Amino acid sequence: RNPWHPERIPGGSSGGSAVAVATGMVFGALGSDTAGSVRLPAAMCGVVGMKTTYGRVSRAGAMPLSHSLDTVGPLTRTVADNALLLSVIAGQDPRDASTPPIAVPDYPALLDGPVHGLRVGLPRGYFDRELHPDVAQRLRAMAAHCRDLGMQLVDIDMPDLDEVNAVGFLLTWGDVIGIHGTWMRERAADYTPQVQGRILTTLAATLPGYLAAQRLRGPMLREFDDRVFGRCDLLLAPVLPFPVPRLSDVDTSGGASTIRILNEITRLMRPINVLGLPALSLPGGATPDGLPCGLQLIGRPYAEALLYRVGHALEQAQGGFASPGPGARSG
């Protein structure tokens, strides 16, 4: 259950980690992000979550979903805690060939660097499509904080991220069949009905489609880098296009509306996984009904230190991010 309201979802699939952090059970926790499962629960529970660059953190020992997209990252109550935890878990690991021999910065030591003059991109297209007014208002408020800190706000026209999102589904489907196909045939009862249903949808995947999706990733990243990061240092975008859903909104017995909500929940996050970029989910304040609203800072590959620096400055400027306590809504 969401720690701010028991009839709302905590986000998944790392919802347990986010709830444990938000309620103070633990200092920090790990999550896995294949299409948003670190950023989503962080946003819904009002904590900080880092979707790391693909390969920045080893996946050895983690339950795989998609080898092409899986990342591991920390969830914490503050940006400084998050930077500290990532400094411990990041780096090359011989057990995971996707981790390159790239040095790990001292993330905590870089938190207080200057942010004045940084160019913060405000996406036009895709991220602002069908955005709920409450989310749009929190996005404007965070952009104003960036401006007050001396950062430059730049409108950025997005490339075709619907195509990137579609590639993400093809990659996930192909990987899921390879990883879970045998288990589904031999031990289907070990999967919950909801997970079974999602895995069965991957049977539509084909090898030519999967290979084509893999070939498209490089050109898509180059186009994104040219069109977006050629004009700004990082992007500021929503994590979720609407406020935190109710439990009943995503019940497995729901119809077309449930499917639509489930697809929309990851729409603003999945393209970042396809491109292999880092993204830091920050609490962006509360919507009028008292629920957290998360916003994400998106950067170039291995730009985690920059995202932490900006996130830390925004956190300090607002006097910290609130956590649920005795005053949290209870019904």
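Colleague: Which residues of the largest nonpolar core touch the most other members?

Modeller: Leu236, Leu282, Tyr308 and Val310, out of 37 residues in that core. Keep in mind that this is a predicted model.

Colleague: Which elements supply at least two residues of this core each?

Modeller: Strands E2 (48-51), E4 (119-124), E6 (234-238), E7 (279-286) and E8 (292-298) do, along with helices H3 (79-89), H4 (133-148) and H10 (304-317). H10 gives the largest share, 7 residues.

Colleague: What makes Tyr308 a contact of Met50?

Modeller: Contact needs heavy atoms within 4.5 Å. Tyr308 touches Met50, and also Pro74, Val79, Asn82, Ala83, Leu86, Tyr107, Leu111 and Leu280, leaving aside residues up to four places away in sequence.

Colleague: Which residues does the second core include?

Modeller: Tyr210, Phe229, Leu235 and Leu275 are among them. That core has 26 residues and is separate.

Colleague: Why is Thr71 called buried?

Modeller: The cut-off is under 20% relative accessible area. Thr71 has 3%, so it counts as buried. Thr71 sits in strand E3 (residues 71-76).

Colleague: How do you know that the span of H5 is close to the expected one?

Modeller: H5 (residues 161-186) has 26 residues and reaches 37 Å from first C-alpha to last. At 1.5 Å a residue, 38 Å is expected. H5 does bend, by about 50° at His180.

Colleague: What caps the N-terminal end of H5?

Modeller: Asp160 does. One of its side-chain oxygens lies 3.2 Å from the backbone nitrogen of Asp162. The cut-off is 3.5 Å.

Colleague: Where is the pLDDT below 50?

Modeller: The protein averages 91, and 94% of the residues score at least 70. Residues 325-331 are the stretch below 50. Beyond near neighbours in sequence, that stretch has 10 contacts in the model.

Technical notes:
Residues numbered from 1 in each chain as written. Predicted model: local features only at pLDDT ≥ 70, side-chain atom pairs only at ≥ 80, totals over all residues. Heavy atoms only, no water. Helix = DSSP H or I, 4+ residues; strand = E, 2+ residues; numbered from the N terminus. Expected span 1.5 Å × (residues − 1). Bend = angle between axes of the 7 residues up to and from the residue. Polar contact = N/O pair within 3.5 Å; in protein donor to acceptor, adjacent residues only side chain to side chain. Buried < 20%, exposed > 50% of the residue type's maximum accessible area, 1.4 Å probe, protein only. Core = buried A, V, L, I, M, F, W, Y, C linked by side-chain atoms within 4.5 Å. pLDDT = per-residue confidence, 0-100.
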